[in-house]
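The entries follow in the order I made them.

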Amino acid sequence: MGKVCFKMTEPGLRCRGYQFKEEVVNRCDAATCVKEGFHAAENPLDCFSYYKSFKSSEFWLCLADGEVHEELTDTKLSCTELIFVKRLELWEVVAFACQYILRHPKRRLSDRVEKDMGQTNENGYVIVIGKDPLGGCAVGGKAIGLVRTDESGTPVEFAVLTEDAIEEGNVYDMAGKVVATL
């Protein structure tokens with residue numbers, strides 16, 4: 001059925017001059033990370049290494065199939081078949097990123113994850129991990145992902161607070177309760 005992955009594109013499903021199509025199998029001849037094939041990432045946060053702005057890009061949940069080659073430096077992959085399943089809203093990207101952290105507790109955290117406390121960034125989100133993680137809503141904040149760890153530092157649960165539940169200037173806990181102001 002394919003490997004679940006994530007891809008950011010230019011508006012209109014374009015990437016480096018290639019026009020992708022939604023909900024069909026996009027095919028190419030070979031897959032080698034950095035060189036050829038369709039590129040995506042297993043960790044949604046790794047997509048921000050290649051496309052800096054969520055606001056001027058599209059973020060997609062995809063399935064990679066055919067020949068799949070995985071990069072060793074992050075979760076980037078290259079494949080010969082890529083299906084664009086669903087365009088994601090920012091809160092969904094944050095939820096998938098938190099879920100990824102829970103599913104892969106031994107993997108290195110993205111440098112886009114804050115420890116213990118953080119505030120929404122220029123893309124409108126923050127993901128914070130810690131025993132009692134706190135997330136602040138700065139100007140333009142749209143989504144806060146909080147990942148709680150146990151005493152050993154292993155992620156055990158997460159919460160996503162969306163823009164309808166957060167207000168600029170407030171700091172939130174896992175329950176969505178305001179615990180401080182910025």
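How many cavities of 30 Å³ or more does a search of the whole structure find? I found 1. I note at the start that the model is predicted.

**Entry: the cavity**

I looked up the volume of the largest cavity and got about 60 Å³. I then listed its lining: Asn43, Leu45, Tyr100, Ile101, His104, Arg107, Arg108, Leu109, Ser110 and Val113. By class, I read 5 nonpolar, 3 polar and 2 charged residues in that lining.

**Entry: the largest pocket**

I turned to the pockets next. The largest pocket has a volume of about 390 Å³. I counted 16 residues in its lining, and the closest to its centre are Lys7, Cys15, Arg16, His39 and Tyr51. I checked which elements give two or more residues to this lining and noted strand E1 (3-9) and strand E5 (38-41). E5 gives the most, with 4 residues. I recorded the classes in the lining of the largest pocket as 11 nonpolar, 2 polar and 3 charged.

**Entry: the second largest pocket**

For the second largest pocket I read a volume of about 240 Å³. I found 15 residues in its lining, with Thr73, Asp74, Thr75, Tyr100 and Arg107 nearest its centre. I wrote down 3 nonpolar, 4 polar and 8 charged residues for the lining of the second largest pocket. Tyr100 and Arg107 had already come up in the lining of the largest cavity.

**Entry: helix H1**

I looked at helix H1, residues 90-103, which has 14 residues. From its first C-alpha to its last, H1 reaches 20 Å, close to the 20 Å expected at 1.5 Å a residue. Which residues of H1 are buried? I listed Leu90, Glu92, Val93, Val94, Ala95, Ala97, Cys98, Tyr100 and Ile101. I then checked what these buried residues pack against, and noted strand E6 (58-70), strand E7 (76-87), strand E8 (113-119), strand E9 (125-136), strand E10 (143-149) and strand E11 (155-162).

**Entry: the nonpolar cores**

I looked up the largest nonpolar core, which has 36 residues. Phe48, Phe59, Leu82, Tyr125 and Ile127 touch the most other members. The elements that give two or more residues to this core are E1, E5, E6, E7, H1, E9 and E10. The largest share of this core, 6 residues, comes from H1.

Leaving aside neighbours within four places in sequence, I found Phe48 in contact with Met8, Phe54, Phe59, Val93, Arg112, Asn123 and Tyr125.

**Entry: Pro133**

I ended on Pro133, which I placed in strand E9. Is Pro133 buried or exposed? I noted Pro133 as buried, because its relative accessible area is 1%, and the cut-off for buried is under 20%. Not counting residues up to four places away in sequence, Pro133 touches Asp116, Val128, Leu146, Val147, Arg148, Tyr172, Asp173 and Met174.

Terms used. Residues numbered from 1 in each chain as written. Predicted model: local features only at pLDDT ≥ 70, side-chain atom pairs only at ≥ 80, totals over all residues. Heavy atoms only, no water. 1 Å grid on protein atoms, 1.4 Å probe; cavity = no way out; pocket = protein on both sides within 12 Å on 5 of 7 lines; lining within 4 Å. Points joined across faces, edges and corners; volume = space filled by probe spheres on them. Nonpolar A, V, L, I, M, F, W, Y, C, P; charged D, E, K, R; others polar. Expected span 1.5 Å × (residues − 1). Buried < 20%, exposed > 50% of the residue type's maximum accessible area, 1.4 Å probe, protein only. Contact = heavy atoms within 4.5 Å. Core = buried A, V, L, I, M, F, W, Y, C linked by side-chain atoms within 4.5 Å.
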